[in-house]
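Subject: Structure for you to look at

Hi,

Here is the structure I said I would pass on. Please open it first, then read my notes beside it.

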Amino acid sequence: MASSSTTSPCAACKFLRRKCLPECVFAPYFPPDQPQKFANVHKVFGASNVTKLLNELQPHQREDAVNSLAYEADMRLRDPVYGCVGVISLLQHQLRQLQMDLSCAKSELSKYQNLGLLHHHHHQGTINLAHDRHHFHHQLFPVTNQQMIRAFDGGSGYDASSLLAMNMSASIGQLGGFPQSRAAGTAADGRRTPVEPS
């Protein structure tokens, strides 16, 4: 006794209550476990229109066409006025908004980068100015002369303020390029000499 094997009809044939033939154009794209997919397509486009469309397409184009029809039918049932056009418009609006947000973020980032660069240049300029002042101070008052003033002021009876004035006068004379004459009343060894009354 021969056994006959039976296969389940596709969702389209089951919905249309007809026998599903081996050459059924719906079978590869509407499997039995997806009945709602064909129900939506049939409700929006009609089974005869879908059959005509699939027969006019090449076999490798049919799957994309069925997926497109199913998506459009589902969106049309959800939004009878706009359908998938409403979804596309919403996505385009979101895309434009994201592009504007990205542009604003780039502009803000550029501002912060410029402010950071200006702050760096200002800080570097302040450091250079402080260094120049420090260098000029040591030109007027060398370390060796300062040590000499402290030694005279602490270990002998000499007037430290007079030596400081002499050292400053000599330093200014060196910076101006003029020879400095020896202060009156001072000997060659730096000691004071008495001045004869006239």
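Which residues does Pro-32 touch, not counting residues up to four places away in sequence? They are Ser-8, Pro-9, Cys-10 and Ala-11. Keep in mind that this is a predicted model.

Stay with Pro-32 for a moment. Find it in the loop between α1 (11-16) and α2 (35-44). Pro-32 is partly exposed, with a relative accessible area of 43%. Now look from Pro-32 to Cys-13. The two are 19 residues apart along the chain. Their C-alpha atoms are separated by 9.1 Å.

Next, the cysteines. How many disulfides does the structure hold? The count is zero. Take Cys-13: its nearest cysteine sulfur belongs to Cys-10, 3.5 Å away. Cys-20 is in no disulfide either. For Cys-20, the nearest cysteine sulfur is again that of Cys-10, at 3.7 Å. The surroundings of these cysteines are worth a look too. Cys-13 is buried, with a relative accessible area of 1%. Cys-20 is partly exposed, at 25%.

Now go inside. The largest nonpolar core has 18 residues. Which of them touch the most other members? Those are Cys-10, Phe-26, Phe-30, Phe-38, Val-41, Val-50 and Leu-54. Several helices contribute. α1, α2, α3 (47-56) and α4 each supply at least two residues of this core. The largest share, four residues, comes from α4.

Not counting residues up to four places away in sequence, Phe-38 touches Ala-11, Ala-12, Phe-15, Leu-16, Phe-26, Phe-30 and Ala-47. Phe-38 sits in α2, where it is buried along with Ala-39, Asn-40 and Val-41. What covers the buried residues of α2? The cover includes α1, α3 and α4. Follow the chain past the end of this helix. Just after α2, Gly-46 takes a positive phi of about 90°.

On to charges. How many salt bridges are there? The count comes to one. The side chains of Arg-78 and Asp-74 meet in it, at 3.3 Å from N to O. The general rule is handy here. An α-helix has 3.6 residues a turn, so residues three or four places apart point the same way. The two partners differ in cover. Arg-78 counts as exposed, at 64% relative accessibility. Asp-74 counts as partly exposed, at 23%.

Last, the surface. Val-81, Tyr-82 and Val-85 form a nonpolar patch there. Together they have about 340 Å² of accessible area. Is Tyr-82 buried or exposed? Tyr-82 is exposed, with a relative accessible area of 53%. Look for Tyr-82 in the loop between α4 (59-78) and α5 (84-140).

Best wishes

Definitions and conventions
Residues numbered from 1 in each chain as written. Predicted model: local features only at pLDDT ≥ 70, side-chain atom pairs only at ≥ 80, totals over all residues. Heavy atoms only, no water. Disulfide = S-S within 2.5 Å. Buried < 20%, exposed > 50% of the residue type's maximum accessible area, 1.4 Å probe, protein only. Patch = residues over 30% accessible without salt bridge, like charges linked within 9 Å, V, L, I, M, F, W, Y side chains within 5 Å. Areas by Shrake-Rupley, 256 points an atom, 1.4 Å probe, with all protein chains shown as cover. Salt bridge = Lys/Arg side-chain N within 4 Å of Asp/Glu carboxyl O. Contact = heavy atoms within 4.5 Å. Core = buried A, V, L, I, M, F, W, Y, C linked by side-chain atoms within 4.5 Å.
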